[in-house]
Structure formats: structure tokens, C-alpha cells
Amino acid sequence: MRTVRRLAALVGAAALLAVVPAHAEAASPALSGTTAIGTHNAYDKAKYTYFAQALDSGASLLELDVYVDSLTHRWRVSHSNPLGNDNNCEAAKTPGDLYSKSRNQDLGSCLDNIAAWNQLHPDHPPIVFKVEMKVGFNDKGGMGPDEFDTLVSQKLGSSVYRPADLLGGTYSSLDAASKANAWPSRDSLRGKFLFELIPGTVEQANPFDHYWTDEEYGDHLRDLYAAGRIGAAEAFPAVLGAANGDPRTSRYDASIRPWFVFFDGDAAAYLNNGYDTAWYDTHHYFLIMTDAAGVAPAISSTSPTDAEVAARLALLAAHHASVITSDWSTKSPSVLGSVTVRG
């Protein structure tokens, strides 16, 4: 079993923040019972020269922005260029190729980098890849949820923890599985990746797009399950935006609400508005709180002290986050890899 990691934190007066062990004598906590740290836009070359370095960072969540390029049928990775790649993913398919090849590759190459890195670090803690589909899917153009699943499956195979794994052949929906706390332990997820899908900023601003990524992938999960093919799904769609109560009720058809167990919103919005974040924890839902640095008192979004990061992790863990994110890419793996008890 793994050794205990602890991190000193300032929370009001000086206190000791006990960080959940990566390797411990006691039983490993479930994924749903911990809070970890993620990095916003980890594909950005200004943050990491190579995406493999983002994987090295120790962060439990890394973000990728993806554009569906319907002209070339490529999955572009970029912040603002829908027709080109602008990122730190390399043309690297083997461990020996990492940290040296040409960058600005497509999503397939990012997944190749992940697979190669995984060979070097088969015992790594679970990592969530938050994929923002900037313009959404284009299912009619042959770049829909099915094609996304196929690409991820071809590149990463059994290293992905999928919706079917949470169902475990026992539950009829992700909601039922989550409420039963069917999430596995963190230790059992070593060497595994999870994919979260959110609608993109361009998609949301498009007045002609009324079928966003979250709803489309929710429909996809419902239909796959009905067809007995839920094992083909590779990702978890997320309800985007902080809200009080159950935000699924007003956003989705009743038939797909049970397929959402990931929620993603601004940390300050949750706290400042007094939203009941305990609701997420009670049902063991996965809650991602973004822009963690902006919560009062605000700290640096790029270079806070280790103690400030520890205090922010403790604060948002107490408010039931599963992962907190910011632009703290300069912090060491001992900081970005910190995991504490949720709630």
C-alpha cells in the first residue's frame, strides 16, 4: 500500500491539512470521497512545452479544447483556431518519442502522447481529461459521439474508466450508480483516465446551435444503454455552470437526466451565491469547481504560494468539490498532486 502524503496549510490560523494517501495502510477512499487539483488549458504551450509535462505535473485534471474540423474530418486542438492545431501535443506514439517531437498536433496525437506516457507511468493516480468541444459535435458530418468514442477507444483502450464501468452491470443509469456510491477506490483507478465532455464557448454563442455537446452526449448514453451497447461510451457529459438545486431538471429531458453525474461550474459562483454544494456530495456526484483562485480572498491564478494552494484546496473540499482548477501549472507535482478528504 502507499505512503501517506501530508501538506501543511493555512486555513485561518495555521493548521495541518491531512492529504489523502496515495498509498496508505487504511482502505483507499472512493473517488467520490476526495478532492484534488486540476490545470486549466493544459494543452497551452505557454503552460507546458509538451503535453507529457502536463501529465508529469501531478494534476488530477487536464483540459483540452477541441474543434471539430468538418472540412478535413480532424479533431483540432486549439484555443481559438478552428482550422488549425495550436497546442503542446507531439507527433509521438512511443515513450521514447516524448519530449522531443513536433507539436501542434490533433486530438489523436494528444491521445497517442497519453498512451505513451501511460506506458512509462502505469501506476499513476487517476486523471480526468476535461474536453471542451468548442463548436460541438457534427454528427451528420461523421464527427459525432460515436466517432469520438471510437478514437478514444482505439488510442487508449482499457486504460479509460468508462460509464459502463460505473454501472458495473448492476445499475440502470449513472445516477443510480452514483447515488449508490458505486465509484471505485482511488487506488483501484491507478493507471486509469476519465473523460469529461462540456459544451464549448463557440457552440454556446452560436444562435443556430440548439443541440449542445452535453445534451447530445446524454442522448448518446441513453440510446447506447437502450441498445445494449453502453460499453462503447468513453466519456461522461457534464452539466456546465454553477446552479442551485438539481440543474438537470430545467435543462434536460427526463430521459437523459439520469445520465449526468458530472457537474462543472465557477467556484466563486457556488460559494458567493450560497448554493447547496452538499447536495452533490450526498449523491456522490463529481463536482468540478473552476477558477479556484478567484474565490475570496482571491489568490494568484498563476503563482500562488504552496500554503495558499493548500488552503484553497481545504476550503473548496469543505464545500464538496471533487476537483478544483486554476492556472497553477508552475506548481510542483507535490502541490498539484495533492488530494484531500471531500466534505
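**Disulfide, core and cavity**

1. The disulfide of Cys89 and Cys110 is right-handed, because the torsion about its S-S bond is about 105 degrees. Cys89 lies in the loop between strand E5 (74-77) and H2, whereas Cys110 belongs to helix H2; the pair, 21 residues apart, thus links distant parts of the chain. The model is a predicted one, and in it the sulfur atoms of Cys89 and Cys110 are 2.0 Å apart. Both cysteines, Cys89 and Cys110, are buried. The structure holds 1 disulfide.

2. The largest nonpolar core comprises 91 residues, and those with the most contacts inside it are Phe51, Trp75, Leu107, Phe148 and Phe195. Helix H2 (residues 107-120) supplies the largest share of this core, with 7 residues. In soluble globular proteins, nonpolar side chains tend to be buried together.

3. Which residues does Phe148 contact, leaving aside its neighbours within four places in sequence? They are Trp75, Leu107, Val131, Phe137, Phe195, Leu197 and Ala235.

4. The count of cavities of 30 Å³ or more comes to 1. The largest cavity has a volume of about 70 Å³. Its lining is formed by Leu31, Thr34, Ala36, Ser60, Pro126, Val128, Arg186, Leu194, Phe286, Ser322 and Val323.

Technical notes:
Residues numbered from 1 in each chain as written. Predicted model: local features only at pLDDT ≥ 70, side-chain atom pairs only at ≥ 80, totals over all residues. Heavy atoms only, no water. Core = buried A, V, L, I, M, F, W, Y, C linked by side-chain atoms within 4.5 Å. Buried < 20%, exposed > 50% of the residue type's maximum accessible area, 1.4 Å probe, protein only. Helix = DSSP H or I, 4+ residues; strand = E, 2+ residues; numbered from the N terminus. Contact = heavy atoms within 4.5 Å. 1 Å grid on protein atoms, 1.4 Å probe; cavity = no way out; pocket = protein on both sides within 12 Å on 5 of 7 lines; lining within 4 Å. Points joined across faces, edges and corners; volume = space filled by probe spheres on them. Disulfide = S-S within 2.5 Å.
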